[in-house]
Amino acid sequence: MTKGRLEAFSDGVLAIIITIMVLELKVPEGSSWNDLKPLLPKFLAYIFSFIYVGIYWNNHHHLFQTVKKINGSVLWANLHLLFWLSLMPIATEWIGATRFAENPVATYGVTLVMCAVAYTILENIIIKSEGESSKLKEAISSKFKEYASIVLYALGIVTSFFYPYLAIGFYYLTALMWLIPDKRIEKSLNQD
């Protein structure tokens, strides 16, 4: 399989995920600004998840700029990531519909941590597939951001049972870490 085919499939799945999330936003019954207020939690959840899916799409793109070959392990690792990302619409709808209640916020965090774990596994499998001298290995010699993300998600999950809005803060902080495309990969690619 070519790298382009894997990227096109992944792009399609991510586009469908975003489409499903936006379809959960319903048009208000009335025409006044006050009729929008009940939609606010769902809209905020959608914005938050849209940003997360966008972060994964952006970093997935950068990640695969370093890849030279695709094998079965890379395909399965990529599908593993897409599986966890495909749960984002459910988690998003639940936190929005419940106005960020404890269990939904914890479940959202579990989804986020599993996406992060799957992304880290994908990185590791690509490095293993391409060898220790791979461009990706050179670019991400430090995995601080990956492991820091997992720790922040875990803190959010634990916190969600007591202070769900603080948990959302941990998830938001993690998103801010990744909002700018991975400079480690860009720097490595620009050296060529």
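A: A residue counts as buried when its relative accessible area is under 20%, as exposed when it is over 50%, and as partly exposed in between. The model described here is predicted.

The two helices are α2, residues 40-65, and α8, residues 164-178. Two packed helices are described by the angle between their axes and the distance between the axes. For α2 and α8 the angle is about 30°, and the axes are 10 Å apart. Angles under 35 degrees count as roughly parallel, and α2 and α8 are therefore roughly parallel to each other. The crossing in which α2 passes α8 is left-handed.

Which residues meet where α2 and α8 pack? On the α2 side they are F48, Y52, I55 and N59. On the α8 side they are I168, Y171, Y172, T174, A175 and W178. Sorted by kind, the residues of this contact are eight nonpolar and two polar, with no charged ones.

F48, Y52, Y108, Y153, Y171 and Y172 form one aromatic cluster. Of these, F48 and Y52 are contact residues of α2, while Y171 and Y172 are contact residues of α8.

Aromatic pairs come to 11 in this model. In one of them, the rings of Y46 and F50 have centres 5.9 Å apart and planes at 50°, so the pair is tilted. Both residues sit in helix α2, four residues apart, and are therefore separated by about one helical turn. Y46 is buried, since its relative accessible area is 13%. F50, at 37%, is partly exposed.

Another tilted pair is Y108 with Y171, at 6.1 Å centre to centre and 45° between the planes. Y108 lies in helix α5 and Y171 in helix α8, so this pair ties together parts that are 63 residues apart in sequence. Y108 and Y171 are both buried.

Helix α5, which spans residues 102-130, also holds V110. From V110 to E132 is 22 residues along the chain, and their C-alpha atoms are separated by 31 Å.

Methods. Residues numbered from 1 in each chain as written. Predicted model: local features only at pLDDT ≥ 70, side-chain atom pairs only at ≥ 80, totals over all residues. Heavy atoms only, no water. Axes fitted to C-alpha atoms, helices over the stretch in contact; angles between N-to-C directions. Parallel < 35°, antiparallel > 145°, perpendicular 65-115°, else oblique. Left-handed = near helix turned anticlockwise from the far one by under 90°. Contact = heavy atoms within 4.5 Å. Nonpolar A, V, L, I, M, F, W, Y, C, P; charged D, E, K, R; others polar. Phe/Tyr/Trp six-rings, centres within 6.5 Å; stacked < 30°, edge-to-face > 60°. Buried < 20%, exposed > 50% of the residue type's maximum accessible area, 1.4 Å probe, protein only.
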